[in-house]
Amino acid sequence: MEVTGFVDLAGYAAAALVFLTFSMKTLMPLRVVAVASNIAFLFYGYLADLTPIVILHGLLLPLNLYRTWEHQQLLGRIKNALQAPTSIDVLLPHMTMQTVDEGTVLFRRGDVADRLYCVMSGRVLIEEFDRCLEQGALIGEIGLFTQAQTRTATAVAIETCQLSWIDRSAVLVLCQKHPEFALVLTRLVAQRMAENQDALRGKLAGTHPKPPNRRATG
């Protein structure tokens with residue numbers, strides 16, 4: 001009788017842990033409790049001689065352990081993305097190369113923001129802010145995320161340029177697959193908007209601060 005009561009208690013504990021997983025609002029605690037419930041059900045199934053439960057949770061346990069490790073790795077990448085210098089390396093394998101001649105207008109203010117550009121060589125002028133963007137600069141990321149999805153400035157090649165570009169839908173897919181990249185892109189947008197404001201204030205004041213190497217706008 002005492003053994004039966006202990007087995008029932010183990011079953012109730014395992015069921016309580018499953019119930020607890022449904023009350024979790026954040027992913028990591030949910031995974032930890034799910035692992036605990038798998039272990040509890042394995043213990044209960046073994047004591048009660050319930051082979052199907054042992055098999056089920058014997059399969060679920062390594063799956064939940066893997067998902068817990070996977071989520072922990074993602075948190076680590078996001079933390080590194082917050083601390084490391086901004087990088088667009090994840091974009092480059094998905095981009096298409098293009099050569100444009102001097103005087104080519106990449107886009108005008110108010111155009112549909114359908115692409116994100118990266119300057120591989122040459123220089124591009126952002127007319128509204130009188131800013132010259134060179135190798136390594138992102139162009140056009142702000143417009144991708146505005147509500148209207150239109151360009152906020154005009155970009156013109158002031159010499160022959162090698163550009164890489166990627167369309168908006170591909171950028172959104174990358175943001176979904178690589179949350180750490182979405183965070184980097186958010187940092188870039190915020191940084192570039194602040195830099196554009198500084199450039200505009202400098203232009204109105206009659207001074208034109210020299211832009212750093214990596215810049216983006218539009």
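I began with patches: they are made of residues with over 30% relative accessible area and no salt bridge, like charges being joined within 9 Å and nonpolar side chains (Val, Leu, Ile, Met, Phe, Trp, Tyr) within 5 Å. Accessible areas come from the Shrake-Rupley method with a 1.4 Å probe, and for residues only the protein chains shown count as cover. The model is predicted: local features need pLDDT of at least 70, side-chain atom pairs count only at pLDDT 80 or more, and totals for chains, interfaces and linings use all residues. Residues are numbered from 1 along each chain as its sequence is written, and side-chain values use heavy atoms, with hydrogens and water left out.

**Entry 1: the nonpolar patch**

I looked up the nonpolar surface patch. Phe6, Leu9, Phe43, Tyr46 and Leu47 make it, and its area is about 550 Å². Helix H1 (2–21) and helix H2 (27–47) are the elements that give two or more residues to this patch. Helices here are DSSP runs (H or I, at least four residues) and strands are too (E, at least two), numbered from the N terminus. H2 supplies the largest share of the patch, three residues.

My classes are buried (under 20% relative accessible area), exposed (over 50%) and partly exposed (in between), with a 1.4 Å probe and protein chains only. Phe43 is in helix H2. Phe43 comes out as partly exposed, at 40% relative accessibility. Tyr46 also lies in helix H2. Tyr46 is exposed, because its relative accessible area is 66%. I also took a C-alpha to C-alpha distance from Tyr46 to Val7: 9.4 Å in space, for 39 residues in sequence.

**Entry 2: His57**

I went to His57 next, which lies in helix H3 (residues 51–83). Is His57 buried or exposed? His57 is buried, because its relative accessible area is 9%. I listed its contacts (heavy atoms within 4.5 Å). Beyond neighbours within four places in sequence, His57 touches Ser37, Asn38, Phe41 and Leu42. With Asn38 there is a side-chain polar contact of 3.0 Å. A polar contact is a pair of N or O atoms within 3.5 Å; within protein, one must be able to donate a hydrogen and the other to accept it, and residues adjacent in sequence count only if both atoms are side-chain atoms.

**Entry 3: the sheet**

I traced the strand order. An open sheet of four strands runs S1-S8-S3-S6, with antiparallel pairing. Strand S1 (96–100) and S6 are the edge strands, each pairing on one side only. Two strands count as paired if DSSP finds at least two bridges between them.

I went through the pairs in turn. S1 and S8 are antiparallel and share five bridges. Thr99 stands opposite Gln162 in S8. Strand S3 (residues 115–121) and strand S8 (residues 161–167) are antiparallel, with six bridges. Val119 has Leu163 in S8 as its bridge partner. S3 also pairs antiparallel with strand S6 (residues 138–139), through two bridges. Cys118 faces Leu138 in S6. I noted one general point: in a regular strand the side chains alternate between the two faces of the sheet.

**Entry 4: salt bridges**

How many salt bridges does a search of the whole structure find? I found three. The criterion is a side-chain nitrogen of Lys or Arg within 4 Å of a carboxyl oxygen of Asp or Glu.

I took Glu70 and Arg67 to begin with: their side chains meet at 2.7 Å, N to O. Why are they about one helical turn apart? Because Glu70 and Arg67 are three residues apart in helix H3. Glu70 is partly exposed at 31%, and Arg67 is partly exposed at 33%.

Next I looked up Asp114 and Arg151, whose salt bridge is 3.8 Å, N to O. Asp114 lies in the loop between strand S2 (105–107) and S3, and Arg151 in the loop between helix H4 (141–144) and strand S7 (155–157), so the pair ties together parts 37 residues apart in sequence. Asp114 is partly exposed at 42%, whereas Arg151 is buried at 3%.

I finished with Arg123 and Glu159, a salt bridge of 3.0 Å, N to O. Arg123 sits in the loop between S3 and strand S4 (124–126) and Glu159 in the loop between S7 and S8, so this pair ties together parts 36 residues apart in sequence. Arg123 is partly exposed at 32%, and Glu159 is partly exposed at 27%.
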